[in-house]
Amino acid sequence: MGQTLYQKIVRSHTAFDVDAQHVALYADLHIMNEYTSPQAFAGLAEKGLPVRCPQKQMGIVDHVIPTHPVPVDKRTIVIDAAAHQAANFTRNCHKHGIHLFDVTDPEQGIEHVVAPELGLIRPGMVVLCGDSHTTTYGALGALGFGIGTSEVEHVLATQTLIYRVARDMRIHVDGALASGTTSKDLVLYIIARIGAQGARGFVVEYTGAAIEALSAEARMTLCNMTVEAGARGALIAPDTTTLQYVGDHIRDLSGDALEEAKHRWLALRSDEDATFDVTHRFDATDVAPFVTWGTSPDQAIAINARIPSLSEDEGERHNALKALGYMGLDAGQSLDGLPIDHVFIGSCTNARIEDLRAIAEIVRGHKMADGVRAMVVPGSGRVRDQAEREGIADALKDAGFEWRQPGCSMCLAMNDDILKPAQRCASTTNRNFEGRQGRGARTHLMSPAMAAAAAIAGRIVDIRKETAHG
């Protein structure tokens, strides 16, 4: 019987079988941030253990760092608890010889943006991180997933993880995305169709013509948000798009060595006779620009649809009523034309250069609507520099957008980028949970182009109509 791509990666990284369901999984790369690592380092110290493979670790300060537009060497964390957290993380990385992208490092940024752009993610790797959106790396054919603090400690000490093997799911997407729709719309559509727990216990492999047509960065958005359907991982088999991206960013391979690696990577795919436990099929031509209406990423609709009627199922009805009450909306209501207070463009989902190019196309020649505040937080120092070289930053600032320094920022509001209660935000982030962007704040997830159009209009709009009208 053939093997899936997921099974092949797991088997090639299995140090030993623990039991029928668990393996000791070797990690090629372990990424840490200041938020999920302090207790892990404390655990090592208590046991008197060293970090086994410092060269296979990467540290980055991204969750609590402020994003004010000050020079990189002047960036300072002023919130005492956050500053202590970051200082402790810095001290531990230096103590154990772990490379750290600190607060004032010009290449600092969001971990899931920085790692691929530095060429650290390659097909066939296993990448672990104390952050759920580590699934991003599946876009490059690497198995990435988030782990907890106790697991971070175990990886630091052994470079392995006691791992429960997941089931296999294939999501096949035929057709082509229409103009005005993106991979963000596609993933919101899929999550809305299969549910927030629809992929729980599975690693998803994406296949089909619509997936093959996506750029590497668009694939990162897709794999990043697959965790919002409960998935334990997401994968796309390496192809020429993958090889081009990795080849352009890799630093330690060139010439014949790189060509040999590309040949191996291209062979990483599911066997034709591989069996998936579950298969879903969708058509990309059915995808419209999507916007969330509730407090879970699966509570989303096409911009030309209406919020669903209340279900007769008691549990679903309760959840919908609770979400609608929090969001200040009603069943049957349209989101098209809904006024907003704030726009946030950033996060590990949508803060790469392609995303910023998309919003620049929307805002050039326009001004932001009165009463709206819009922030653009690039995913890394490299993305920020490139956007400035391409004139994107100037276009955004001319339109009234705030052009800020890299960081997680308002995606999870762990610094001073926080919405006020009842403020309504058009956001390119990955989660719209209650209080995610600030206590009482109301978040609508959407694509970068949709968010940029909302900033100009002062309300949620259908990007297809706005583009047609110029």
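1. Val203 is found in strand 10, strands (E, at least two residues) and helices (H or I, at least four) being DSSP runs numbered from the N terminus. The model is predicted, so that local features need pLDDT of at least 70 and side-chain atom pairs count only at pLDDT 80 or more, while totals for chains, interfaces and linings use all residues. Residues are numbered from 1 along each chain as its sequence is written, and side-chain values use heavy atoms, with hydrogens and water left out.

2. Is Val203 buried or exposed? Val203 is buried, at a relative accessible area of 1%; buried means under 20% relative accessible area, exposed over 50%, and partly exposed in between (1.4 Å probe, protein chains only). Leaving aside residues up to four places away in sequence, Val203 touches Tyr6, Leu143, Tyr163, Ala166, Arg167, Asp168, Met169, Arg232, Gly233, Ala234 and Leu235, where contact means heavy atoms within 4.5 Å. Between the C-alpha atoms of Val203 and Ala288, which are 85 residues apart along the chain, the separation is 26 Å.

3. Strand 10 (residues 202-207) runs parallel to strand 11, and three bridges join them; two strands pair if DSSP finds at least two bridges between them. The bridge partner of Val203 in strand 11 is Gly233. Both strands belong to an open, four-stranded sheet with parallel pairing and the order 11-10-9-12. Its edges are strand 11 (233-235) and strand 12 (278-283), each pairing on one side only. On average, neighbouring strands here are turned by 20° against each other, direction ignored.

4. Helix 6 lies across strand 9 (167-174), strand 10 and strand 12, and runs at about 130° to strand 12. Axes are lines fitted to C-alpha atoms, for helices over the stretch in contact, and angles run from 0 to 180 degrees between N-to-C directions.

5. The largest nonpolar core has 58 residues, of which Ile171, Ile190 and Tyr206 touch the most other members. Such a core is a set of buried Ala, Val, Leu, Ile, Met, Phe, Trp, Tyr and Cys residues joined through side-chain atoms within 4.5 Å. Helix 6 (residues 183-194) supplies the largest share of this core, seven residues. Tyr206 has contacts that include Ile171, Val187, Ile190, Leu222 and Ile236, residues up to four places away in sequence not being counted. A second, separate core of 53 residues includes Met327, Cys348, Cys408 and Ala451.

6. An open sheet of three strands shows antiparallel pairing in the order 1-2-8. Strand 1 (14-17) and strand 8 (160-164) each have a single partner strand, so one side of each is left without a neighbour in the sheet. Neighbouring strands of this sheet are turned by 25° on average, direction ignored. Five bridges pair strand 2 (residues 22-26) with strand 8 in the antiparallel sense, and Tyr26 stands opposite Thr160 in strand 8. Helix 1 (residues 5-12) packs on the sheet, touching strand 1, strand 2 and strand 8, and its direction makes about 85° with that of strand 1.

7. Helix 12 (residues 353-363) and helix 15 (residues 448-457) have axes that come within 8 Å and cross at roughly 30°. Asp355, Ile359, Ile362 and Val363 in helix 12 meet Pro448, Ala449, Ala452, Ala453 and Ile456 in helix 15. The residues of this contact divide into eight nonpolar, no polar and one charged, with Ala, Val, Leu, Ile, Met, Phe, Trp, Tyr, Cys and Pro counted as nonpolar, Asp, Glu, Lys and Arg as charged, and the others, Gly among them, as polar.
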